[in-house]
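My notes follow as numbered points.

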Amino acid sequence: MKYYSLNNPDIQASFKEAVLLGLAKDKGLFFPQSIPSLDKDFIDNIEQYSNEQIALKVIQPFVGKDIDQDTLEQIVAQTLSFPLPVKPVDPKCHTLELFHGPTLAFKDVGAGFMSRCLKHFVKDSKQKIRVLVATSGDTGGAIAHGFYKQKGVEVIILYPKAKVSDLQEKQLTTLGHNITALEVEGDFDLCQTMVKKAFLDPEFQDLNLTSANSINISRWLSQMFYYFIMYKELKQVNKPLVVSVPSGNFGNICAGLLAKKMGLPIDHFVASTNANNTITRYLEDGQYKPNPTQPTISNAMDVSDPSNWIRVMELFEKQDIEVKSSVSAYSFSDLQTKQKIKEHYQKTGQILDPHSAVAFLGLEKFQKSNKDYHGVFLQTAHPIKFDNVINECLNIEVEIPQELQKLYENPKIATPISSYQDLKDILLK
Ligand SMILES: *Cc1c(COP(=O)(O)O)cnc(C)c1O
């Protein structure tokens with residue numbers, strides 16, 4: 001499979017090149033030249049396949065010959081080495097829990113796949129590779145975990161100061177070794193802007209920089225796995241399916257939409273967002289007008305200019321009407337989110353993290369006027385990652401999983417930066 005730059009279709013790359021580069025030379029996001037369709041037979045009989053077999057079948061055409069079959073099988077199996085449970089919530093909906101990975105966020109799937117692909121690609125290379133990543137909270141931890149102590153790989157994480165939760169910050173800043181955390185005076189969009197700038201900077205041409213953000217195709221594509229796995233579990237429901245995805249940079253939902261394009265029978269998607277509602281407004285009036293990013297309690301979605309939206313548009317050949325027939329977007333306030341966390345806890349005794357609560361709100365809003373759909377909302381983080389919010393809403397302490405308790409004892413090591421020049425100085429030293 002070849003990938004082209006969304007800025008210029010003449011700029012092309014193989015799977016391997018696109019994974020290593022992250023972003024095309026002209027700053028464009030990579031996009032597959034064609035979208036394979038899975039045969040109907042496979043979809044109709046999906047329950048006969050293991051999760052690993054499903055994932056392999058889905059990813060194989062995108063990887064082509066760039067990774068040999070045995071290695072790809074291994075990578076897929078390791079990527080899916082934790083549970084992805086689909087649980088009933090009420091008669092109208094299920095939830096897909098994506099927080100059982102090593103850093104308790106759904107990003108463990110994409111980051112796990114990406115880090116294993118990169119390890120494979122650089123294993124015989126003498127040159128060190130540097131992974132540069134901006135995080136709104138969860139990406140950094142998942143990437144750091146994926147590459148921790150990996151020879152030949154250095155990870156540099158940019159995170160917005162005081163805008164990530166305590167546990168998230170611990171996951172980024174206490175590892176040391178080949179992981180460097182940079183604490184940026186600013187918001188996530190600034191972190192992301194700095195990373196994008198670094199990729200274009202001629203002074204870094206020899207640095208072997210790659211991006212681990214959801215713009216990297218290996219993260220985007222592998223997130224399709226759990227949509228297929230979820231469908232396997234819910235096929236017997238036998239109703240049109242709507243899936244609500246808590247969205248920030250829109251990588252996750254873009255993977256779901258790609259899965260749909262390949263033939264996965266999900267009828268509709270809901271992009272559920274917090275106050276950072278650029279896409280909700282866009283789908284209403286056709287104007288793409290990002291406002292300044294607003295901090296919210298669902299901070300991993302504090303993104304006002306979502307990088308992957310351009311891919312969503314490309315999937316629908318830039319036709320707003322087509323997008324709207326597959327995607328609805330709703331935005332919810334922190335107050336509504338907190339109320340949802342309380343209400344759900346009172347009803348079920350289950351704790352939703354703020355992002356998952358936003359997803360549930362979006363699903364309910366859609367189902368209110370579309371009653372014949374069966375719903376699924378994605379839970380993208382374990383509530384412990386946002387224990388301050390949970391504590392405030394429910395007045396209870398979320399129990400810290402034992403493996404994570406150690407993190408709290410380790411000292412934070414992060415370098416404060418406030419400008420692109422600061423980043424440059426660190427990279428060039
Ligand atoms: C990253 C993240 C999101 C947003 O995912 P995108 O792919 O950027 O839309 C939602 N919830 C949590 C917990 C996250 O970490």
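1. With which residue does Glu154 form a salt bridge, and how far apart are the closest N and O atoms? The partner is Lys128, and the closest N and O atoms are 2.8 Å apart. Bear in mind that the model is predicted.

2. This pair links distant parts of the chain, 26 residues apart. Glu154 sits in strand S7 (residues 153–160), while Lys128 belongs to the loop between helix H5 (107–122) and S6. Glu154 is buried, with a relative accessible area of 18%, because the cut-off for buried is under 20%. Lys128, at 43% relative accessibility, counts as partly exposed.

3. Glu154 is also in contact with Arg130. Arg130 is part of strand S6 (residues 129–134) and counts as buried, at 12% relative accessibility. Apart from neighbours within four places in sequence, the residues that Arg130 contacts include Ile156, Leu207, Asn208, Leu209, Thr210 and Leu427.

4. Lys424 deserves a point of its own. A salt bridge joins Lys424 to Asp201, with the closest N and O atoms 3.0 Å apart. Lys424 lies in helix H19 (residues 420–428) and Asp201 in the loop between helix H8 (188–200) and strand S9 (209–211), so this bridge ties together parts that are 223 residues apart in sequence. Lys424 is buried, at 11% relative accessible area, and Asp201 counts as buried too, at 9% relative accessibility.

5. Lys424 has a salt bridge with Glu203 as well, at 2.8 Å from N to O. Glu203 is in the loop between H8 and S9 and Lys424 in helix H19, so the pair ties together parts that are 221 residues apart in sequence. Glu203 counts as partly exposed, at 48% relative accessibility.

6. The structure holds 17 salt bridges, among them the Glu154 pair with Lys128 and the Lys424 pair with Asp201.

7. Which residues form a positive surface patch? They are Lys92, Lys365, Lys368 and Lys371. Lys92 is found in the loop between strand S4 (86–90) and strand S5 (93–97). With a relative accessible area of 47%, Lys92 is partly exposed.

Key
Residues numbered from 1 in each chain as written. Predicted model: local features only at pLDDT ≥ 70, side-chain atom pairs only at ≥ 80, totals over all residues. Heavy atoms only, no water. Patch = residues over 30% accessible without salt bridge, like charges linked within 9 Å, V, L, I, M, F, W, Y side chains within 5 Å. Areas by Shrake-Rupley, 256 points an atom, 1.4 Å probe, with all protein chains shown as cover. Salt bridge = Lys/Arg side-chain N within 4 Å of Asp/Glu carboxyl O. Lys, Arg positive; Asp, Glu negative; His and termini not counted. Charge placed at Lys NZ, Arg CZ, Asp CG, Glu CD. Helix = DSSP H or I, 4+ residues; strand = E, 2+ residues; numbered from the N terminus. Buried < 20%, exposed > 50% of the residue type's maximum accessible area, 1.4 Å probe, protein only. Contact = heavy atoms within 4.5 Å.
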